[in-house]
Amino acid sequence: MKIDYLLSFLEDKHIPLIEKKRHSYLSYHGLDESYIYILKDGVAKTSVILPDGREFNLSYIVSPDIVSLLKDEVSKYTSSPFNIRVESEEAHFYRLPRTTFWNYVATDELLQAYVRDYYRLKLSENIESLQTMTMNGKAGAVCALLYKLTRLFGKPHRNGTLIDFLVTNEDIAGFCGISTRNSVNRIIHHLKEEGIIEILHQKILIKDYECLQEYVAK
């Protein structure tokens, strides 16, 4: 997707930036929202609240991207489809009214192409997440998430690939649909015993990719 064009467009329109600190929220699942947010830098997490009150994590957003779904182009307000929370020490977002954004899209062919690509990508990501959830048990879901995290936060390490971001067992449980973090604790402990991962300064080091992938259904 042509994110550079979107960012340049926003700069040219003098769209203001807002700053949010770690664990502050941009929006809450189910509440009315009148703005669209575009992440410029930092890390954000999207999640929804399940009927039993648990939080189910959807995705991390780590690079410039739209972080709120683009539905109902006409209305000034729409209910937020998920929570958006900052996970880095700070993050900066462009914020503009929803109707203003859609007026820009209606008059700019490159923005229209960007929005089409955005929808295609998000659909593909949602299908991949659904496949992971339905085709794997708990251990497979955790291993699939760890593999995905290496693509988002992975840095080369002499013993493998370090997930250079603090991801708690509670976060992992939320991404994998696991009801308790104790279950994640047991899976992580088993992966450590097998020599597949190691914990370095509270971060996860992937030592054996092949063994990690063996846990994930194809």
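Predicted model: local features only at pLDDT ≥ 70, side-chain atom pairs only at ≥ 80, totals over all residues.
Local features were taken at pLDDT of at least 70 and side-chain atom pairs at pLDDT 80 or more, whereas totals for chains, interfaces and linings use all residues. Residues are numbered from 1 along each chain as its sequence is written, and side-chain values use heavy atoms, without hydrogens and water.

Strands are DSSP runs (E, at least two residues) numbered from the N terminus, and two of them pair if DSSP finds at least two bridges between them. Five antiparallel bridges connect strand 1 with strand 10 (residues 90-97); Lys20 has Ala91 of strand 10 as its bridge partner.

The domain assignment, automatic or from a database, gives domain 1 (1-107) and domain 2 (128-214). Their contact (heavy atoms within 4.5 Å) takes 12 residues from domain 1 and 14 residues from domain 2. The C-alpha centres of the two domains lie 27 Å apart. About 1,100 Å² is buried between them, 63% of it on carbon and sulfur atoms; buried area is the accessible area (1.4 Å probe) lost on being put together, summed over both parts.

One salt bridge is counted between domain 1 and domain 2, the term denoting a side-chain nitrogen of Lys or Arg within 4 Å of a carboxyl oxygen of Asp or Glu. The side chains of Lys45 and Asp171 meet in a salt bridge at 3.4 Å, N to O. On the side of domain 1 that touches domain 2, strand 6 (residues 55-61) gives the most, with six residues.

Conventions:
Helix = DSSP H or I, 4+ residues; strand = E, 2+ residues; numbered from the N terminus. Buried area = accessible area lost by both parts, 1.4 Å probe.
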